[in-house]
Amino acid sequence: MVNTLSLYKPLLQGLMKLAGVTPRAVEIEPGTVIHFWIPSETTTTNKPAVVFLHGFGCDGILTWQFQALALAKKYAVYVPDLLFFGDSITDKTERSPAFQAECMAKGLRKLRVEKCTLVGLSYGGIVGFRMAEMFPNLVDSMVITCSVMALTESITCAGLQRIGFSSWADYLIPETVEGVKKLLEVAFYKLPWIPDFVYRHILEALYFDHKKERHELLEASIVKDKDFTVPRFTQATRRQSNGALHREGRSLGGIGVPLGLQ
């Protein structure tokens with residue numbers, strides 16, 4: 001049987017191109033390439049940039065397809081694949097969220113994005129917080145959901161106990177159809193019925209590649225409680241001094257509950 005995700009992806013890519021969003025591979029440096037979905041040249045003029053960072057479940061465009069389609073007319077939409085998801089790859093050994101943040105920022109700079117609103121989900125939110133801290137002139141505002149500023153040891157213990165797993169890798173890198181089912185049952189509210197063959201196709205399409213590197217990403221994301229301090233985001237200070245906090249979800253914040261890394 002043909003993999004259903006393999007059939008769906010060309011259709012999704014066609015829809016994105018019709019909406020004015022096109023794929024682009026950006027070489028950050030030799031050995032490191034970030035795959036983006038970006039506005040086509042005819043759709044970027046004078047539109048505010050919105051960057052979507054996905055979670056650990058799948059790649060960028062599968063995660064954010066509906067948001068990208070909905071916003072592409074009014075915004076310059078950028079949807080990258082984080083390293084070791086989709087078509088983004090590096091031969092470097094660094095695996096920290098800070099390295100992910102640096103690569104995303106460099107890629108956006110190469111695409112001539114000078115300022116953006118960043119939308120982050122779960123693991124993408126962790127990377128997004130680092131981007132906002134490290135590159136305040138690039139990340140103007142943020143919307144973060146189902147995430148935390150950092151995945152501390154205490155948050156890890158509480159989160160794993162709540163969902164009944166011994167490690168983030170056991171939850172987020174399933175090796176069986178049953179593992180995919182459990183992941184989606186935790187991640188979704190009122191998950192609809194899905195036939196077993198679709199779970200198998202999801203496993204084959206999303207969780208067979210880069211297992212070793214994804215394990216390393218998760219290990220590098222956990223920080224000791226004593227090593228974490230809340231960063232000072234200069235974006236918030238800048239807005240308060242100007243008396244012009246953004247509305248409609250564009251101000252820094254929107255932090256979801258600390259479940260972790262869906």
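Two residues count as being in contact when they have heavy atoms within 4.5 Å of each other. Keep that in mind for the whole set of views below, which come from a predicted model.

**Figure 1. The whole protein, before we zoom in.** Take the contacts between residues at least 6 apart in sequence: 71% of them join residues at least 24 apart. The protein has 10 helices and nine strands. Of its 262 residues, 48% are buried.

**Figure 2. Helix H1 meets helix H2.** Two packed helices are described by the angle between their axes and the distance between the axes. Here, H1 covers residues 4–18 and H2 covers residues 60–71, and their axes come within 11 Å. The angle at which they cross is roughly 30 degrees, and the crossing is left-handed. Which residues meet here? From H1, look for Tyr8, Lys9, Leu12, Leu15 and Met16. Their partners in H2 are Ile61, Leu62, Gln65, Ala68 and Leu69. Sort the residues of this contact by class and you get eight nonpolar, one polar and one charged.

**Figure 3. Phe56 and Tyr123, ring against ring.** A pair of aromatic rings is described by the distance of the centres and the angle of the planes. A search of the whole structure turns up five aromatic pairs. In the pair shown here, Phe56 and Tyr123 sit edge-to-face, with 5.2 Å from centre to centre and 80 degrees between the planes. Why does this pair tie together parts that are 67 residues apart in sequence? It does so because Phe56 lies in the loop between strand S3 (49–53) and H2, while Tyr123 is in helix H4 (residues 123–134). Phe56 and Tyr123 are both buried. Look for Phe85 too: Phe56, Phe85 and Tyr123 form one aromatic cluster.

**Figure 4. A second ring pair, Phe129 with Phe233.** The ring centres of Phe129 and Phe233 are 5.9 Å apart and the planes are at 40 degrees, so this pair is called tilted. Phe129 lies in helix H4, and Phe233 is in the loop between strand S9 (222–223) and helix H10 (234–242), so the pair ties together parts that are 104 residues apart in sequence. Are these two residues buried or exposed? Both Phe129 and Phe233 are buried.

**Figure 5. Helix H7 and its cover.** H7 runs over residues 177–187, and its buried residues include Gly179, Val180, Lys181, Leu183 and Leu184. What covers the buried residues of H7? The cover includes helix H6 (168–172) and helix H8 (196–206).

**Figure 6. Ile202, a residue in helix H8.** You'll find Ile202 in helix H8. Residues under 20% relative accessible area count as buried, and Ile202 has a value of 15%, so Ile202 is buried. Which residues is Ile202 in contact with, leaving aside neighbours within four places in sequence? They are Leu5, Val180, Leu184 and Tyr207. The C-alpha atoms of Ile202 and Lys181 are separated by 9.9 Å, and these two residues are 21 residues apart along the chain.

**Figure 7. Two loop residues with a positive phi.** Phe84 isn't a glycine, yet its phi is positive, at about 75 degrees. Its place is in the loop between strand S4 (76–80) and strand S5 (89–90). Lys190, also a residue other than glycine, has a positive phi near 55 degrees. Lys190 belongs to the loop between H7 and H8. So which is buried and which is exposed? Phe84 counts as buried, at 2% relative accessibility, whereas Lys190 counts as exposed, at 68%.

**Figure 8. Val33 and what it touches.** Val33 is part of strand S2 (residues 32–39). With 23% relative accessibility, Val33 counts as partly exposed. Not counting residues up to four places away in sequence, Val33 touches Ala25, Val26, Glu27, Leu83, Asp87, Ser88 and Ile89. How far apart in space are Val33 and Cys103, C-alpha to C-alpha? The distance is 8.8 Å, though Val33 and Cys103 are 70 residues apart in sequence.

Notes: Residues are numbered from 1 along each chain as its sequence is written. This is a predicted model: local features need pLDDT of at least 70, side-chain atom pairs count only at pLDDT 80 or more; totals for chains, interfaces and linings use all residues. Side-chain values use heavy atoms; hydrogens and water are left out. Axes are lines fitted to C-alpha atoms, for helices over the stretch in contact, and angles run from 0 to 180 degrees between N-to-C directions. Helices (H or I, at least four residues) and strands (E, at least two) are DSSP runs, numbered from the N terminus. A crossing is left-handed if the near helix is turned anticlockwise from the far one by less than a right angle, and right-handed if clockwise. Ala, Val, Leu, Ile, Met, Phe, Trp, Tyr, Cys and Pro count as nonpolar, Asp, Glu, Lys and Arg as charged, and the others, Gly among them, as polar. Buried means under 20% relative accessible area, exposed over 50%, partly exposed in between (1.4 Å probe, protein chains only). Rings of Phe, Tyr and Trp (its six-membered ring) pair if their centres lie within 6.5 Å; planes under 30 degrees apart count as stacked, over 60 as edge-to-face and the rest as tilted.
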